[in-house]
Structures are given as structure tokens and as C-alpha cells.
Amino acid sequence: MEQRFTPEWITELEPGEIFVFGSNLAGVHGGGAARIALEKFGAVPGQGVGLQGRSYAIPTMQGGVETVRPYVEEFVDFARRHQELTFLVTRIGCGIAGFRDEEIAPLFADALKMPNVVLPETFVKVIRKLD
């Protein structure tokens, strides 16, 4: 099966697809992918974590990479339990939060082989270099 990557710009979702974006704990979805999630995919103001509408928030604005890790682990567990959904992971943390792909991508290593999680090409390249 050919590797699928998250598109750079997502403006609509197919049935069963979920938009995964980087957020802040306060759920202020003011810019970047968070704003797209709010305007197009049902993100809820004031909710900074988890499934909301056709989107899933992973907080990235509360500190270093180690503060992001537990939220990514929670997401991977959620995706594992919801095989009926396909999760399109954006380059979370690599925009407004200021992380580099090399910092965030390894957090998604367990998701790479999951058929219902689609990662950005840059994340996949970083993870494969680590193997």
C-alpha cells in the first residue's frame, strides 16, 4: 500500500475523517490550523484537548516537547480505539508554537504504522531517519 500523507492545506474532509491540530490548553483557536478547525471542522472555543466536532486538538503551547508528549500519547491511544475514523494530523506545534519537525515528529512514531492515522510527509521522513 502506498504511503499517504496529510495534505499541506485541508479545506474539507471526507466522511469519517478527523482534522488533528495543535491547540492551546485554553482552547483559544485564534490562528493557524486551530483557526481552520474552529471555522470549518467544529473545534469548540474553550476546549483545548481532544475530539470536538470533526477535529481533534493536541495542546502544543504550554511548554517544551515533553509537555506535548502525553497529549500525543493520548491521541494515539484514542486513534487506536477508533479505527472507524481516519485522522489527518497536521504539522502540530510547527507553526505558531515554534517547534521543529525534528522535535515533534518522533512523538508520532507509534502512529506511523496505524492505517487510520495520516501524518505530514515531513513527520514521516523524520521518523524513518530514526529507525
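This passage describes the surroundings of alanine 79 and the aromatic pairs of the structure.

The structure is a predicted model, in which local features need pLDDT of at least 70 and side-chain atom pairs count only at pLDDT 80 or more, while totals for chains, interfaces and linings use all residues. Residues are numbered from 1 along each chain as its sequence is written, and side-chain values use heavy atoms, with hydrogens and water left out.

Alanine 79 is part of helix 2, which spans residues 65-81 (helices are DSSP runs of H or I with at least four residues and strands are runs of E with at least two, numbered from the N terminus). Its relative accessibility is 0%, so alanine 79 counts as buried (under 20% relative accessible area, with exposed over 50% and partly exposed in between, for a 1.4 Å probe and protein chains only). When neighbours within four places in sequence are left aside, alanine 79 is in contact with Phe87, Met114, Asn116 and Val117, contact being defined as heavy atoms within 4.5 Å. The C-alpha atom of alanine 79 is separated by 8.6 Å from that of alanine 111, 32 residues apart along the chain.

Rings of Phe, Tyr and Trp (its six-membered ring) are taken to pair if their centres lie within 6.5 Å, and planes under 30 degrees apart count as stacked, over 60 as edge-to-face and the rest as tilted. By this rule there are eight aromatic pairs. Phenylalanine 19 and phenylalanine 41 form a tilted pair, with 4.9 Å centre to centre and 35 degrees between the planes. Because phenylalanine 19 lies in strand 1 (residues 17-23) and phenylalanine 41 in the loop between helix 1 (32-40) and strand 2 (50-52), this pair ties together parts that are 22 residues apart in sequence. Phenylalanine 19 is buried at 2% relative accessibility, and phenylalanine 41 is buried with a relative accessible area of 6%. Ring pairs also link Tyr56, Phe75, Phe78, Phe87, Phe108 and Phe123 into a cluster.
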